[in-house]
Amino acid sequence: MRSTSRVASTLATLLFVSQAPAAEFATNPARTRELIHETSERLGPDAAARAVAEWATEYGRHPETAADHMRACLHAVELANVEIPVPSPRTAVAR
């Protein structure tokens, strides 16, 4: 079994709570990125935490389909190759 990074899991959770059916994003990396961005914007500054709360609620409501949908979201995030900007290391300042 392969390991999933925390970032990929968070992005997949955002995709999951976008309420888009897997057919809409499964083979379309651009749409995957759009849905993640739109959901993040909708949920605001605490998007990751709010997405996890919505994700848990949906798992409770639809346990029979939630696991398959989350697997589809994780796979779509992997295919989308979403780049996360990482700040460059600080350079020392000579005095």
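This is a predicted model: local features need pLDDT of at least 70, side-chain atom pairs count only at pLDDT 80 or more; totals for chains, interfaces and linings use all residues.

User: What does the secondary structure of the chain come to?

Analyst: The chain comprises 5 helices and 0 strands, and its pattern along the sequence is α-α-α-α-α.

User: What share of the contacts between residues at least 6 apart in sequence joins residues at least 24 apart?

Analyst: Such pairs account for 71% of those contacts. As for the surface, the accessible area of the chain is about 6,800 Å², and carbon and sulfur atoms contribute 56% of that area. Of the 95 residues in the chain, 28% are buried.

User: How is the angle between helix 3 and helix 4 to be read?

Analyst: Angles of 65 to 115 degrees count as roughly perpendicular. Here the axes of helix 3 and helix 4 (residues 47-61) cross at roughly 100° and come within 8 Å, so helix 3 is roughly perpendicular to helix 4. Helix 3 contributes Ser 40, Arg 42 and Leu 43 to the contact, while helix 4 contributes Ala 47, Arg 50, Ala 51 and Glu 54. By class, the residues of this contact are 3 nonpolar, 1 polar and 3 charged.

User: Is Thr 39 buried or exposed?

Analyst: A residue counts as buried under 20% relative accessible area. Thr 39 has 3% relative accessibility and therefore counts as buried. Thr 39 lies in helix 3 (residues 29-43).

User: Which residues does Thr 39 touch, not counting those up to four places away in sequence?

Analyst: With that exclusion, Thr 39 touches Leu 14, Val 17 and Ser 18.

Notes:
Residues are numbered from 1 along each chain as its sequence is written. Side-chain values use heavy atoms; hydrogens and water are left out. Helices (H or I, at least four residues) and strands (E, at least two) are DSSP runs, numbered from the N terminus. Buried means under 20% relative accessible area, exposed over 50%, partly exposed in between (1.4 Å probe, protein chains only). Contact means heavy atoms within 4.5 Å. Accessible areas come from the Shrake-Rupley method with a 1.4 Å probe; for residues, only the protein chains shown count as cover. Axes are lines fitted to C-alpha atoms, for helices over the stretch in contact, and angles run from 0 to 180 degrees between N-to-C directions. Angles under 35 degrees count as roughly parallel, over 145 as roughly antiparallel, 65 to 115 as roughly perpendicular and the rest as oblique. Ala, Val, Leu, Ile, Met, Phe, Trp, Tyr, Cys and Pro count as nonpolar, Asp, Glu, Lys and Arg as charged, and the others, Gly among them, as polar.
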